[in-house]
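Here are some friendly notes to read alongside the model, for anyone meeting it for the first time. Each point takes up one part of it.

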Amino acid sequence: MKRTFAFAAAAMSVAFAFAGGVENKTNMSTGYLRNPSRNAEFQRPEAAFYNIAGTAFLQDGLWIEAGNQFVFKEYKHEIQIDDATTQAAFDNLHIDTSSSDKTTVWLYPDFDAVYHQGDFAVFMNFGIYAGGGTLNYDDGSSAISGLFLKKAAGLATNPPAGMPAQQIQALGAGLQGGAADHSLKVDSITYGGELGGSYKFLDGMISVGAAFRMVYGTQSMELTSSNSNFKTANGGDTIGYDAKATGFGGVFGVHARPIDKLDLSVQYSTINKIKYKVDNVDGNFAKEMGIEDGKKFNTDLPATLSFGASYSVIDPLLLSFSCNYYFNKQSKMNSVLGETDYDNSIEFALGADYRINEMFSTSLGFSYSKQGTNDESNSLFAPVLDSFCIGGGVEVTPIENLTLTAAGMWVNYFDNDDYVMSGKSFNLSKDLFMASLGVTYRLPF
């Protein structure tokens, strides 16, 4: 039974990875959608996340930046059935082999503030560091249906020793009822914030920065069925739980300007060890899965090493390069039901910012992410896939010190057409488009 529901809980550990590593997010501002090469940022307050040492190069004053992203997505998995018995069971219960989630994320906020004076800066950042929304499989999941049916067949051919025949029959009927009629809803969001400072020295050639990071994560899962047999065996129509966690870490960075118009940066974010505690467990099946109130498990935010470079080729044109390396193997990105083992991930980005005049500027950027998936680890419900993305946007400065930003990003994920789990093959795919609006204001001092 535990393995039967492992897919559902696995969605919790890597759900909603829009841009970045397996768990880490890099789409932390409207600026990222405008141009995903952000690691050498030193002109905008979003440096408070991407390049904390770069905050020491901002103009004097109090900078405030806020924005919101809108995420339009479709996550899809399809079971590949290669035996007549399973196919007949799917057909008899009218179960679709393909399942998808199309829940739109309407609220995905970010906030940055930087106070800069002379060679010093203090800053703060707030955003969604992992997770970020809801997965809602209203019509159920072919993966869960197949595993319900597999468990029911196992009860019939190899019944548990000592279990009364009537109970076995009721349990099998409940599993088949859940296979034919169920829905899955998963919520996962990890809020994060940083508070730190930076200092510039050697006549403005080098700056250093450090920050304290705190994250707070919430997870919940509900697998619901209105089937009477399921409700009888489960003691209700829902299998579910809630979990919450807090984690802490640090960020350290260096920004250098060895020659005029060339900026280089390196930043290291330590691991955030995030230990969840389970409560509000619901359903008899949950106990058989090993989900109990008070149970603890880690879904860490891996350490990250980031590099950035930007060069002003001509006065209005700035070219940039960014690279992020995620140390997934040092982290425990587990679910409530078991361990995962992701390899390390890497992400590259190139971008350009062009100032048309004092009021308008435009940007364009590309990025490629190679994720740490392997034969052992992935998520059927929120697939972790390699991707290529393109983003662009405009900045408008209608009055001095006020900038309005609009941006969009399309992410092309590379399908996994032969992912094997529990002896079954699945096709994994997803489509994603993000749009964002942001505003930046500087109070000069």
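1. Let us start with alanine 233: leaving aside neighbours within four places in sequence, it is in contact (heavy atoms within 4.5 Å) with Ala170, Leu171, Gly174, Asn284 and Phe285. Alanine 233 sits in helix H7, residues 228-234. Helices (H or I, at least four residues) and strands (E, at least two) are DSSP runs, numbered from the N terminus. Between the C-alpha atoms of alanine 233 and alanine 303, 70 residues apart along the chain, the separation is 43 Å.

2. A word on the source. This is a predicted model, in which local features need pLDDT of at least 70 and side-chain atom pairs count only at pLDDT 80 or more, while totals for chains, interfaces and linings use all residues. Residues are numbered from 1 along each chain as its sequence is written, and side-chain values use heavy atoms, with hydrogens and water left out.

3. Next, a helix pair. The axes of H5 (residues 142-157) and H6 (residues 165-180) come within 8 Å and cross at roughly 160°; axes are lines fitted to C-alpha atoms, for helices over the stretch in contact, and angles run from 0 to 180 degrees between N-to-C directions. H5 and H6 are therefore roughly antiparallel to each other, a label for angles over 145 degrees. To their contact H5 brings Ser145, Phe148, Leu149, Lys151, Ala152 and Leu155, and H6 brings Ile168, Leu171, Gly172, Leu175, Gln176, Gly178 and Ala179. By class, these residues are 8 nonpolar, 4 polar and 1 charged. Here Ala, Val, Leu, Ile, Met, Phe, Trp, Tyr, Cys and Pro count as nonpolar, Asp, Glu, Lys and Arg as charged, and the others, Gly among them, as polar.

4. What is the volume of the largest pocket? The space in the largest pocket is about 1100 Å³. On a 1 Å grid over the protein atoms alone, a pocket is an open set of points with protein on both sides within 12 Å along at least five of seven lines, whereas a cavity is a set where a 1.4 Å probe fits but cannot get out; lining residues have an atom within 4 Å of a point. Grid points are joined across faces, edges and corners, and a volume is the space filled by probe spheres set on the points.

5. The largest pocket has 40 lining residues, with Gln43, Arg44, Gln59, Arg355 and Glu395 nearest its centre. Strand E18 gives the largest share of this lining, 5 residues. The lining of the largest pocket divides into 11 nonpolar, 14 polar and 15 charged residues.

6. Now the cavities: there are 5 of 30 Å³ or more. The largest cavity has a volume of about 180 Å³, and of its 15 lining residues Lys25, Thr26, Phe49, Thr304 and Ser306 lie nearest its centre. Its lining holds 5 nonpolar, 8 polar and 2 charged residues.

7. Finally, two loop residues. Leucine 202, in the loop between strands E5 (183-201) and E6 (206-224), has a positive phi of about 55° although it is not a glycine. Asparagine 401, in the loop between E15 and E16, has a positive phi near 75°.

Conventions:
Parallel < 35°, antiparallel > 145°, perpendicular 65-115°, else oblique.
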